[in-house]
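Please take the sequence and the structure shown here together, and follow the paragraphs below from one part to the next.

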Amino acid sequence: MREITYAEAIREAMSEEMRRDPSVFFMGEDIGVYGGAFGVSVGMIDEFGPERVRDTPISEAAIIGAAAGAAVTGSRPIAEIQFSDFVAIGLDQLGNQAAKMRYMFGGRAQVPMVVRAPAGSGTGAAAQHSQSQEAIYCHIPGLKVVTPSTPYDAKGLLKSAIRDNNPVVFLEQKLLYRVKGPVPEEEYTVPLGRADVKRTGRDLTIVTWGRMAGMCLETAVRLAEEGIDVEVVDLRSLVPLDKETVVESVKKTGHLLIVHEAVQSAGYGGEIAALVADSEAFFYLDAPIRRVAGLDVPIPYNPTLERNAVPTPERIERAVRDLLG
Amino acid sequence: MATSVIMPKAGMAMERGTIIRWLKKVGDPVIAGEPLLEIETDKVAMEVEAEVSGTLIQVVREAGEEVLVTETIGFIGAEGEAAPGPGGSGQLEAGAGGRKGGVRATPAARRRAAELGVALEAVTPSGRSGEVKLRDAEARRSPAISSLARKIAEQEGVDPAGIRGSGTGGRIVKRDLAEALARLPASGRALARSPLSGPRKIIAERMLRSHLSIPQVTLNARADVTSLLRLRAEMNREIEERISVNDLILRATAIALLGSRAMLATIEGEEIVAYEEINLGMAVAVDSGLVVPVIRGADKLALPALARLTAELSGRARERTLKPDDLVGGTFTVTNLGMYGITSFTPIVNPGEGAILGVNAAESEVRLEAGLPVERKVMTLSLSIDHRVIDGAEGARFLQSLVGLLEKPYRVLL
């Protein structure tokens, strides 16, 4: 199968959906001639023109608000926020308007929009451009939250997100944009709300998402050489959540480690832990549930500190050994 | 306001203690300073006195339980005062929390144990915090057994795992047990089974460690102690302290060690440790086994002071009031079976030391002196050495000098 990058997979998903459905359009800061801060939309303005690939002012509230208005009046906007940290400026538009409309209009309005936003640390972009804030969106009923970890998932999930009739926060991973992976040329989608078991194993379940999925997989491969058989469950979408896959995996292995880049306190990992503790899988747990997550600090600028403010392969490996001890 | 009774930290190295028994019942009045309960550590058994006067209103930890130092084990309060329930103090909760529901076990272990009909209490936990894990529950698939049969099995000390059940689904019932018991040879039936714990456990571990890790050789030498015994009898008529034969031997041993420092050595890992101090361990038989209080700086003690100290230490050993710190730091041990008429034995080196001297009974023998038969008192000394670090010749030289001291007893008075 051909291999393309995560950024190219996202561009393909948007382009294919725009070709397929004329109501889909794309807007954001510097996405047109410049091709986006991370080059995701390079060339799209040439194919679709400035009407459907619209550069916006630097106003996240305006971008998200305009997307919500366009969605509720019949378009299917894709709004790019240059860094996910700045979704906060448009959070009223997203959480208080877009997320609420379907409910407040008794189901007679729908809001088919996608907010794409790069998240995560690792680029030396310091505290205001490096956060992983998925928990905030997960805490707002009415939003769907997607965190793809591979080019294949990114493309398939984005196509599903664009076709979904509800607001979807699509959190891309800055460090993954240049990562290549197999993506078929033929049409496919990945449904929202279905986790992917990236590696099957019998000893311990790691539930993870986003960039951490790759790190967990590498750790699992290394541990397999010692006969430690780790299952890696990549949630892919956090809302809706594939509870069944998580519960079944933990029932099989009896051990649960949750790994996410976002800070640990009040992170979505706590939700996963609670889900398992309150499920049939509880009776299969043979060790406490553990999290390996970001430290409760703003992401430092110093590269060494930055690397160690989020989970490292060493921390993940140590936690696995500890739980199986 | 109730005052908590805690597991005391009776020595620098003490981390936990086991409650042997409470000397007071809930509701009993207690007076500050009165013995409240007996505990034992891995080294010593002792009484714990009440710190305050009042009424024992609650026992949190029962006899037989092992408890971390400073953990609350009971409460003294006013008569009729309600006992603080679990959660009454954070410390109590932390201590008791792990015991709620009896055994500490993971959810998976609990589920599997229930499926297999395994009693969690009977499972040896292997978890990092002492919890029963799934693997432990699965390792102990104790057979289905009726409660009556289980009771009989416990009384008779029979492991039901080896019995074939004839009840529904292979369940072991009373008649299976009766048959199994009938097949047992009478001599093989246990009178009683009790957990290996406390001092006995420590003795067992140390003896086995010594036996397995230290190649030992025992050298025997005979000393004519006729003069020594005569000297002792004279001294005991003249001075206040009662000098025992053992005191004289301890004194002679300390002096002999000054000239045979090779005896004061041991091996720790890849290092040879040569001890500076002459700290003599003195083996004392007590009801619960054996304790070895240590006489520090024995070479610096004159005979009367040494005699006072040995009397005090052996008295406290029998009263179980030795502190853990009394039992550490030994560099050489003396063990005496002479009072039982033993004439020779092979003592086992105390791990951490290089040698141990066994003292035997003085026997009468007839010797010829200038052609005439005379009665002499002769004692065999049995020295076991760690042959890794002490050579036979070194041990022999030490024994030689010890025999010399005992045969010219004025030298032990110098």
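In chain B, strands β4(B) and β5(B) form a hairpin, with 4 residues between them. One residue of β4(B) lets the reader trace both pairings: B:Glu38 stands opposite B:Arg21, while in β5(B) the bridge partner of B:Glu38 is B:Glu47.

Further along chain B there is an open sheet of 6 strands, in the order β9-β18-β17-β16-β12-β15, with mixed pairing. Its edge strands are β9 (216-224) and β15 (294-295) of chain B, each of which pairs on one side only. Within the sheet, β12(B), residues 280-282, is joined to β16(B), residues 332-336, by 3 bridges, and these two strands run parallel; in that pairing B:Met282 has B:Val334 of β16(B) as its bridge partner. Helix α10 of chain B, residues 392-407, packs on this sheet and touches β9, β17 (355-369) and β18 (372-386) of chain B, its direction making about 20° with that of β9(B).

Chain A has an open sheet as well, formed by 5 strands in the order β9-β11-β10-β13-β14, and here too the pairing is mixed. The edge strands, each pairing on one side only, are β9 (196-199) and β14 (290-294) of chain A. Neighbouring strands of this sheet are turned against each other by 25° on average, direction ignored. Strand β10(A), residues 204-208, pairs with β11(A), residues 230-234, in the parallel sense over 5 bridges, and in this pairing A:Leu204 stands opposite A:Val230. Helix α10 of chain A, residues 268-277, lies across β10, β13 (256-263) and β14 of chain A, and runs at about 160° to β13(A).

Elsewhere in chain A, two helices meet: α1(A), residues 6-20, and α2(A), residues 44-52, pack at an angle of about 60°, with their axes 11 Å apart. The two helices are therefore oblique to each other, and their crossing is left-handed. From α1(A), the residues A:Arg11, A:Met14, A:Ser15 and A:Met18 meet A:Met44, A:Glu47, A:Phe48 and A:Arg52 of α2(A). By class, the residues of this contact divide into 4 nonpolar, 1 polar and 3 charged.

How many residues of chain A are in contact with chain B? There are 8 of them, and they are in contact with 8 residues of chain B. The side of chain A that touches chain B has 5 nonpolar, 2 polar and 1 charged residues. For the complex, the predictor gives an ipTM of 0.76 and a pTM of 0.54.

It remains to ask where the model of chain B calls for caution. The mean pLDDT of chain B is 85, and 92% of its residues reach 70 or more. Over residues 85-100 of chain B, however, pLDDT stays under 50, although the model has 16 contacts beyond four places in sequence for this stretch. Where pLDDT is low, the predicted coordinates should not be read in detail.

Conventions:
Residues are numbered from 1 along each chain as its sequence is written. Chains are lettered from A and ligands numbered from 1 in the order in which they are written. This is a predicted model: local features need pLDDT of at least 70, side-chain atom pairs count only at pLDDT 80 or more; totals for chains, interfaces and linings use all residues. Two residues are in contact if their C-beta atoms, placed from the backbone, lie within 7 Å. Ala, Val, Leu, Ile, Met, Phe, Trp, Tyr, Cys and Pro count as nonpolar, Asp, Glu, Lys and Arg as charged, and the others, Gly among them, as polar. pLDDT is the predictor's confidence in each residue, from 0 to 100. Two strands pair if DSSP finds at least two bridges between them. Axes are lines fitted to C-alpha atoms, for helices over the stretch in contact, and angles run from 0 to 180 degrees between N-to-C directions. Angles under 35 degrees count as roughly parallel, over 145 as roughly antiparallel, 65 to 115 as roughly perpendicular and the rest as oblique. A crossing is left-handed if the near helix is turned anticlockwise from the far one by less than a right angle, and right-handed if clockwise.
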